[in-house]
Amino acid sequence: MSTQVSQTKAGQTLPAGFEDLERFAAVWSLASERERNRQRLSSSMSEIQELYDALLTRMDQIIEYLNQLPLDNMPEEARRLLYLSLSLAEVAPAVEFYKQPEVVDGFPADRFLPVEVPNMSPAEG
Amino acid sequence: MATNGDRWTLNYSELGTGPVPTRPYLSKEYFELEREKIFKHTWLNVGRVEEIPEPGSYFVRDIAVCNASILVVRGKDGKIRGFHNVCRHRATKLVWHEQGCESKFSCNYHGWTYAQDGRLIGVPEEDMFFDLDKRQYGLLPVATDVWEGFIFINLEPAPKESLKEYLGELDELLAGYPFGELPVCFRFDADLKCNWKVIVDSQQEGYHAKMLHRRSLPGFLTNRENPSRHALDIQVYKRHRMISYFGNLERTPTPTEALAHRFGASVTKREFSMENMPPGVNPTRSNKWAFDEYVIFPNFHVLVFFGMCITHNVWPIDVDRAVWEARVYLPRAENAAQVFSREYGRCMLRDAWLEDGSTLEASQLGLASGMIDHFVLQDQELLVRHNYKVLEDYVNA
């Protein structure tokens, strides 16, 4: 089982220049695939679309900023921005393939479980 | 290339073109034969060497179909050994954690203690036993070998074939692929109410891609030039088999996929280099190549892409229950851009596999009706046909 847990702490912020994404980070800046997937499945399509539209146009700036920072020692604010950006990867299939949060006619995601592989699971979520 | 009018199946007259019986997917008796004649006698992949990097690193693999629990551990000498995970004293399961790193293993029941190489090194109140010779009571070894970083076990006490002999042609075809450069792994497991071969079959043909994956992978393996997803190559060997899949270069990526392609490698990106690749990778050396799928009998699939590998291990539990273990192996990400590309691939693949997942239990439900006694298979389902032949060879041996 994935053991990574994220807590969105009150008072956390995104790096300067990304304040406009703060309202999304409060919901979508989640450290693990499972948390991001659960958030997708419990959101409405309009909430997902709003996140998708907001992030897609900012991804070049986000990645340009984050790429300057070491992955293994990223400041907390930057890590929060990284996790937010990964939620775009999570919701992309909902918007681009399925037009609904769940996989159309899909097997239940909560029966297709991430399992940690010792010494091989990525550190970055 | 196919020679008989571009029908691969006709290259293998011993397989025929007739219907394939469904009894092996339904019969409890057949399942017992598979248990006794296949799974207890074949080399089974249980993990990768990177999972146990240090002396004392171990994992436990419970193999339900063989009623076996296997402890795989790296010794002080660096060698990887497999043991029956059973205390020699009162037969209790020795290691209860799934993974870890230990200098020695103590049974939680009475405290018999074993070294990393299986020797019995400690027995509480040893003098209360009667002529106990500790040298005779080490952990029972399981034949264990490593091929290209994949750890295999074989439950035959003295396997008739080495792992390399068992893999046959596959060794020459794939040895040298840079599996060791893919140290990051995602794994998903699903416990499914279906026969194990329903899962194996779902991952050994491309016929389903155009329909089942029409939303997630539109045009992934097909275009106007190749409307029926004809494979670049299909080969069946004595037990194992492979398909080399055509990749569509004309596909327009979705907006997020385009980002993922720009930021790093991704599963649907069609750029590759064949430098230093062994002959079994893109064997036709096509410039329209997607990936190759090698199915290692009975339950292990290795899919080699450029810069990425996927494996499936399918673990029978009962005639109508099995666990599907899907893994994706990737390079270590060096920056945030590559983390994003990787995450796109993970989410896209996971969702495509959820599409596969629904068909698996649905197929078993249909089979259980008893109304379908044979499958009709087309040419691109040759590997499903071959699997039946190999099964029959084993269970009738």
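1. The model is predicted, so local features need pLDDT of at least 70 and side-chain atom pairs count only at pLDDT 80 or more, while totals for chains, interfaces and linings use all residues. Residues are numbered from 1 along each chain as its sequence is written, and chains are lettered from A in the order in which they are written.

2. Chain B has a domain 1 (8–22 + 169–395) and a domain 2 (41–167); these bounds come from an automatic or database domain assignment. Taken over C-alpha atoms, the centres of the two domains of chain B are 32 Å apart.

3. In chain B, 16 residues of domain 1 are in contact with eleven residues of domain 2 (contact: C-beta atoms, placed from the backbone, within 7 Å). On the domain 1 side, β17(B) gives the largest share, four residues (helices, H or I of at least four residues, and strands, E of at least two, are DSSP runs numbered from the N terminus). By class, this side has twelve nonpolar, three polar and one charged residues (nonpolar: Ala, Val, Leu, Ile, Met, Phe, Trp, Tyr, Cys and Pro; charged: Asp, Glu, Lys and Arg; polar: the others, Gly among them).

4. The largest nonpolar core has 139 residues, and B:V72, B:F152, B:I199 and B:F340 touch the most other members. Such a core is a set of buried Ala, Val, Leu, Ile, Met, Phe, Trp, Tyr and Cys residues joined through C-beta atoms within 7 Å; buried means 20 or more other C-beta atoms within 10 Å of the residue's own, all placed from the backbone. Helix α7 (residues 336–368) of chain B supplies the largest share of this core, 13 residues.

5. Leaving out residues up to four places away in sequence, B:I199 touches B:L192, B:C194, B:V314, B:A322, B:W324 and B:L360.

Definitions and conventions:
Contact = placed C-beta atoms within 7 Å. Buried ≥ 20, exposed ≤ 12 C-beta atoms within 10 Å, placed from the backbone.
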